[in-house]
Amino acid sequence: MTLPTVAGVASLVVSAMEMHSRVEEVQARGCALLKTLAWGRRTPSQLYDAGAVIVIVEAIRTHPRSIGVVGEACKALENLCRDADELGGLCTQQACRADLLRLLLQVLRGGKMGPLVPLNLVHELYHNDPGVTDPERPGALDFEELKRLQLWYSKIVRVPDKGHL
């Protein structure tokens, strides 16, 4: 019996998520599996090549009020984009091109989703795209979005992390 490769599993998960984009449970479980596959940086290139970043961003775009989808998607993206190596940079750039920062700001608008969005992911997205604050650039964040980002950031930074307890 031959075990499936990580690339094969990633490709199947991405395909299932694309085919069932409106099914919240498929999106949440797909993001959870991609998160697990991306953990520890053993296999991120296979995930990137399979299109994991785009399908994860689309899961958030399609289900912005789903705690399961947003939580798992953010953790998966955090795992994929976390390192400062070339692949982490490619994942972050792809997420920026998919307008993930603006999408996360829309998710944060509801209030209760704030703890699900990792600070370091937002930080990486914000600093990876210097034009995000340039008002002359199409697609740049507007004043209200920047204000919302600053407010969210100030709340997160003031709250001590008790996740280790």
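Which residues does Glu72 touch, not counting residues up to four places away in sequence?

Analyst: Glu72 touches Ala28, Cys31, Ala32 and Lys35, when residues up to four places away in sequence are not counted; contact here means heavy atoms within 4.5 Å. Before going further, please keep in mind that this is a predicted model, in which local features need pLDDT of at least 70 and side-chain atom pairs count only at pLDDT 80 or more, while totals for chains, interfaces and linings use all residues. Residues are numbered from 1 along each chain as its sequence is written, and side-chain values use heavy atoms, with hydrogens and water left out.

Let us begin with the place of this residue. Glu72 lies in helix α5, where helices are DSSP runs of H or I with at least four residues, strands are runs of E with at least two, and both are numbered from the N terminus. Glu72 counts as buried because its relative accessible area is 18%, and the scale used is that buried means under 20%, exposed means over 50% and partly exposed lies in between, with a 1.4 Å probe and protein chains only.

One of the residues it touches is also its partner in a salt bridge: Glu72 is paired with Lys35, and their closest N and O atoms are 2.8 Å apart. The term salt bridge requires a side-chain nitrogen of Lys or Arg within 4 Å of a carboxyl oxygen of Asp or Glu. This pair links distant parts of the chain, since Glu72 is in helix α5 and Lys35 is in helix α2, 37 residues apart.

That brings us to the two helices themselves. The axes of α2 (residues 24-38) and α5 (residues 67-81) come within 8 Å and cross at roughly 25°; the axes are lines fitted to C-alpha atoms, for helices over the stretch in contact, and the angles run from 0 to 180 degrees between N-to-C directions. The angle therefore makes α2 roughly parallel to α5, given that angles under 35 degrees count as roughly parallel, over 145 as roughly antiparallel, 65 to 115 as roughly perpendicular and the rest as oblique. The contact is made by residues of α2 including Glu24, Gln27, Ala28, Cys31, Ala32 and Lys35, and by residues of α5 including Gly68, Val69, Glu72, Ala73 and Lys75. Sorted by class, this contact has nine nonpolar, three polar and four charged residues, where Ala, Val, Leu, Ile, Met, Phe, Trp, Tyr, Cys and Pro count as nonpolar, Asp, Glu, Lys and Arg as charged, and the others, Gly among them, as polar.

For comparison, the count of salt bridges comes to three. In one of them Glu25 meets Arg29, with the closest N and O atoms 2.9 Å apart, and both residues lie in helix α2, four residues apart, about one turn of the helix. Arg29 counts as exposed because its relative accessibility is 59%. Arg61 forms a salt bridge with Glu58, the closest N and O atoms being 3.1 Å apart, and these two both lie in helix α4 (residues 52-62), three residues apart. Arg61, at 37% relative accessibility, counts as partly exposed, and so does Glu58, at 35%.

Finally, here is the wider setting. The protein chain has nine helices and zero strands, and 41% of its 165 residues count as buried.
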